[in-house]
Amino acid sequence: MSVPPILKLYNTLTRAKEEFTPIDPANVRMYVCGPTVYDYAHIGNARPVIVFDVLFRLLRHVYGEAHVKYVRNITDVDDKINARAAERGISIRELTEETNTIFQADVKALGCLDPTVQPRATEHIAEMIAIMQRLIASGHAYAADGHVLFSVPSMPDYGKLSRRPLDEMIAGARVDVAPYKKADTDFVLWKPSSGSEPGWDSPWGRGRPGWHLECSAMSWKHLGEVFDIHGGGIDLVFPHHENEIAQSRCAFGHDVMANVWMHNGFLQVEGEKMSKSLGNFVTIHELLHTEKFGGHMWSGPVLRLAMLRTHYRQPMDFTSKALEEAKKKIENWIRAVRITLGGEALALGPSSDVIAALADDLNTHSALTALDRMFNTSGDEQAKAHRQLGADLVFLGLASRSELKKPHVEASHVRADEVDALIAARIAARAVKNWAESDRIRDELVAMGVVLKDNKDGTTTWEVKR
Ligand SMILES: [Zn+2]
């Protein structure tokens, strides 16, 4: 056994890179804010999912797979959900189930492992009520007009994470003025639901939770009052994470909610902020299954590699040029590994170079530089380096062991990853009964000389017809 590396992580709370020490030395607990399931996740939503998946993989490597608990919630109660369900004329349940199914398929395609627990907000109403009761009892919250509000002035060090000046917070809160608020900065924990809106019985009448409260309840239930790492996108620092901290700290009486707060930077598309009005709004689903962005479909590993080339704290520009580069790179890497392995199984773990790079505040850029070095190794060391490259690709979620075991077919000009992507797209098309698309993909594959075989167990295998 080699000595486990010292992990250094940048903590938004202290604005410093710190040595990571879990509260329980043998078990790491991490919470990351998950999706609100009302629409397809866009490529900006993919960034935290990928970043924290890399951290999850690193923690599992260092502490052991059974010793890392990663919780990523599903927000399935939200006014955006109510509005969208009404717009589409379907039930809230149908909308959240459908959206969650697509989200899970999208992030699996991006090479992300399943978190240990994916709790749903609607299954944690009792914990939310318990938190509000504690907050009211200790003078940190009050009920008014069927609402429950958090009293920001009751917490002298509110705002420690975002370090926003109080006058700025007051100005921000003014957009949300309501007669039942005692102070402008107070925020909603619970609000009343009308007959048609989803609601639960509570001591304050039938109502539903505010978004911030959901995360405090789910992290408490699954990770305890204080845990190690809390993550999310930088846009969540204020007010979402600030308010999570206020709720959890005041309810449970601790100095912190989580010891380390990690945030990934913004993502823009082709140099511009992504927005529906600019027409550069791109979903993970579209990237994987349509030719809308950059003229063709992109495989999950290509999207993942493009994402990991920028350090997670830096702002990132998502461009079709970067995807083309990532595509070439990953094809070259996989070809080299396949040729070296020649169909043999790979039984290696990650390299110390990759682990050392990731242990330095998830320096994925430097980890990928190590992969380039392995790829460029020549002479006697090449076979060894290319095997290691394969193992690191598996570790980083950029390839699967079974995929690397596949033979390399140069002459046919058929690339296995391309065929696999087309087969996946065809399965997706069939799942939504889009037979025209399914047939179009089959024709495309036939033109490539690929013959499909749909097996009884639902899988599809293929071979190249000469
Ligand atoms: Zn959250």
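Reply: The model shown here is predicted. The residues of α11 that are buried are V354, I355, A357, L358 and A359.

Helix α11 covers residues 352–359 and helix α12 covers residues 364–375; their axes come within 7 Å and cross at roughly 165 degrees. Because angles over 145 degrees count as roughly antiparallel, α11 is roughly antiparallel to α12. The crossing of these two helices is right-handed. On the side of α11, the residues that meet α12 are D353, V354, A357 and L358, and their counterparts in α12 are T364, S366, A367 and A370. Sorted by class, this contact holds five nonpolar residues, two polar ones and one charged one.

The stretch that joins the two helices has its own backbone features. D361, which follows α11, has a positive phi, near 50 degrees. L362 lies in the loop between α11 and α12, and its phi is also a positive value, near 50 degrees, in a residue other than glycine. L362 counts as buried, because 25 C-beta neighbours lie inside 10 Å and the limit for a buried residue is 20 or more.

A positive phi is found elsewhere too. E270, which is not a glycine, has a positive phi of about 45 degrees. This residue is placed in the loop between β11 (267–269) and α8 (284–289). E270 is partly exposed, because 16 other C-beta atoms lie within 10 Å, whereas L362 is buried.

Four strands form an open sheet in the order β4-β3-β9-β10, with parallel pairing. Its edge strands are β4 (68–72) and β10 (258–264), each of which pairs on one side only. On average, neighbouring strands of this sheet are turned by 20 degrees against each other, direction ignored. Strand β9, residues 227–233, pairs with β10 in the parallel sense over six bridges, and within that pair I229 stands opposite V260 of β10. Although β10 is an edge strand, β10 is mostly covered, with seven of its seven residues buried.

Helix α6 (residues 211–223) packs on this sheet and touches β3 (28–32), β4 and β9; its direction makes about 155 degrees with that of β4. Helix α4, residues 125–137, packs with α6 at an angle of about 105 degrees, and their axes are 9 Å apart. Because angles of 65 to 115 degrees count as roughly perpendicular, α4 is roughly perpendicular to α6. This contact is made by E127, M128 and I131 of α4, together with L213, E214, S216, A217, W220 and K221 of α6. By class, it comprises five nonpolar, one polar and three charged residues. The contact of α11 with α12, by comparison, has one charged residue.

P239 is placed in helix α7, and the peptide bond from F238 to P239 is cis, with omega near 0 degrees. G253 is found in the loop between α7 (237–252) and β10. With 10 C-beta neighbours inside 10 Å, G253 counts as exposed, in contrast to the residues of β10, which are buried. G253 and S138 are 115 residues apart in sequence, and their C-alpha atoms are 9.9 Å apart in space.

Note on methods
Residues numbered from 1 in each chain as written. Predicted model: local features only at pLDDT ≥ 70, side-chain atom pairs only at ≥ 80, totals over all residues. Pairing = 2+ DSSP bridges. Axes fitted to C-alpha atoms, helices over the stretch in contact; angles between N-to-C directions. Contact = placed C-beta atoms within 7 Å. Buried ≥ 20, exposed ≤ 12 C-beta atoms within 10 Å, placed from the backbone. Parallel < 35°, antiparallel > 145°, perpendicular 65-115°, else oblique. Left-handed = near helix turned anticlockwise from the far one by under 90°. Nonpolar A, V, L, I, M, F, W, Y, C, P; charged D, E, K, R; others polar.
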